[in-house]
Amino acid sequence: AMAISDVGLPGEVPWKKMSAEELENQYCPSQWGVRLRAEEALRTYSQIGIEATRRARATRKSLLHVPYGDGEGEKLDIYFPDEAAEALPFFLFFHGGYWQSGSKDESAFMVDPLTAQGVAVVIVAYDIAPKGTLDQMVDQVTRSVAFVQKQYPSNEGIYLCGHSAGAHLAAMMLLANWTKHGVTPNLKGFFLVSGVFDLEPIMYTSQNVALQLTLEDAQRNSPQLKVAQAQPVDPTCRVLVVVGQFDSPEFHRQSWEFYQVLSTRNLCQGEWKASFEQLHDVDHFEIVENLTQKDNMLTQIILKTIFQ
């Protein structure tokens with residue numbers, strides 16, 4: 001793990017000193033796995049997601065492909081616990097894939113262990129690049145959260161979780177202007193897993209071929225730059241920033257610095273209840289694959305946060 005002292009002073013951003021090749025490598029998570037080579041890591045991740053989704057759809061009560069908007073990509077899947085209840089906690093998951101791959105149909109990793117404990121799980125689709133722009137994706141995710149609140153107004157809390165690019169989209173919800181969506185969601189927790197919160201370095205990697213981010217796009221959509229001005233809707237809302245031990249140093253830096261910004265709020269803005277967790281012995285993909293297991297540490301942290 002990166003020592004805090006390695007992060008350097010503001011303005012001394014380590015990625016700006018990297019060669020193009022090194023920067024590319026830092027932002028290519030599959031290069032950093034310890035157990036599997038790159039292609040194999042991605043294949044395993046995809047297989048586990050497909051299998052978990054197949055199992056969830058076969059064994060859980062669900063509403064699939066529910067439209068939260070008019071666009072064909074604007075759909076979500078809701079998986080319910082066995083005991084019918086009006087007031088459930090809702091856990092929304094936004095998949096990763098660098099805003100250009102992945103889908104809700106292979107991302108139901110955590111459905112089994114969470115629904116077993118009485119949590120409704122919602123897996124959200126959004127229009128990935130090049131079909132969708134980053135601004136559109138942020139808008140879609142915002143509308144998906146508003147939709148769940150409107151459909152289930154007596155929920156016992158909405159918890160947002162995103163992985164990688166999905167963690168970025170979830171973090172953008174800390175900045176959302178809910179007034180224009182006509183509803184204030186009952187947000188109680190954020191789980192930001194191996195995310196990217198400052199998008200500027202992404203512009204200088206091959207990921208930007210599909211995304212086509214300008215500097216303005218990157219800055220407008222960087223929660224790292226914006227969250228210090230944002231006001232927590234609910235002072236009890238928890239924000240957990242999580243990174244895997246075997247994530248790249250840049251992913252470690254991104255998570256740590258985002259946690260730092262959340263933790264050092266100026267007093268007039270109110271406080272985010274932020275915490276930071278580095279999960280032992282997992283890489284960028286295993287950190288989410290392991291959410292299929294009920295005794296996994298992150299699964300347990302999620303359940304404790306919801307039922308504290």
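Predicted model: local features only at pLDDT ≥ 70, side-chain atom pairs only at ≥ 80, totals over all residues.

Buried here means under 20% relative accessible area, exposed means over 50%, and partly exposed is in between (1.4 Å probe, protein chains only). A108 sits in the loop between β3 and α3. I noted that helices (H or I, at least four residues) and strands (E, at least two) are DSSP runs, numbered from the N terminus. Leaving out residues up to four places away in sequence, A108 touches G49, A52, T53, A56, Y79 and I123, where a contact means heavy atoms within 4.5 Å. I also checked A108 against Q26: they are 82 residues apart in sequence and 27 Å apart in space, C-alpha to C-alpha.

Residues are numbered from 1 along each chain as its sequence is written, and side-chain values use heavy atoms, with hydrogens and water left out.

Next I went to H168, which lies in helix α5 (residues 165-172). H168 is buried, at a relative accessible area of 0%. What does the side chain of H168 have a polar atom 2.6 Å from? I found the backbone oxygen of N221 at that distance. For a polar contact, the pair must be N or O atoms within 3.5 Å; within protein, one must be able to donate a hydrogen and the other to accept it, and residues adjacent in sequence count only if both atoms are side-chain atoms. Beyond its neighbours within four places in sequence, H168 is in contact with W99, L134, V138, V196, L199, N221 and P223. I then checked the rest of α5: 8 of its 8 residues are buried, including G166, L169 and M172.

Y98 has a phi near 55°, a positive value in a residue other than glycine. Y98 is in the loop between β3 (90-94) and α3 (111-115), and at 8% relative accessibility Y98 counts as buried. D281 has a positive phi too, about 65°, and is not a glycine. I found D281 in the loop between β8 (273-279) and α10 (286-289), partly exposed at 35% relative accessibility. I also logged a cis peptide bond joining A129 and P130, with omega about 5°; P130 is in the loop between β4 (120-124) and α4 (134-151).

Last, the whole chain. I counted 11 helices and 8 strands. The radius of gyration is 18 Å, close to the 19 Å that the globule rule gives for 308 residues, so the chain is as compact as a globular protein of that length. That radius is taken over C-alpha atoms, and the rule is 2.2 Å times the number of residues to the power 0.38. The C-alpha atoms fill a box of roughly 55 × 50 × 35 Å along the principal axes. Buried residues make up 55% of the 308 residues. Among contacts between residues at least 6 apart in sequence, 76% join residues at least 24 apart.
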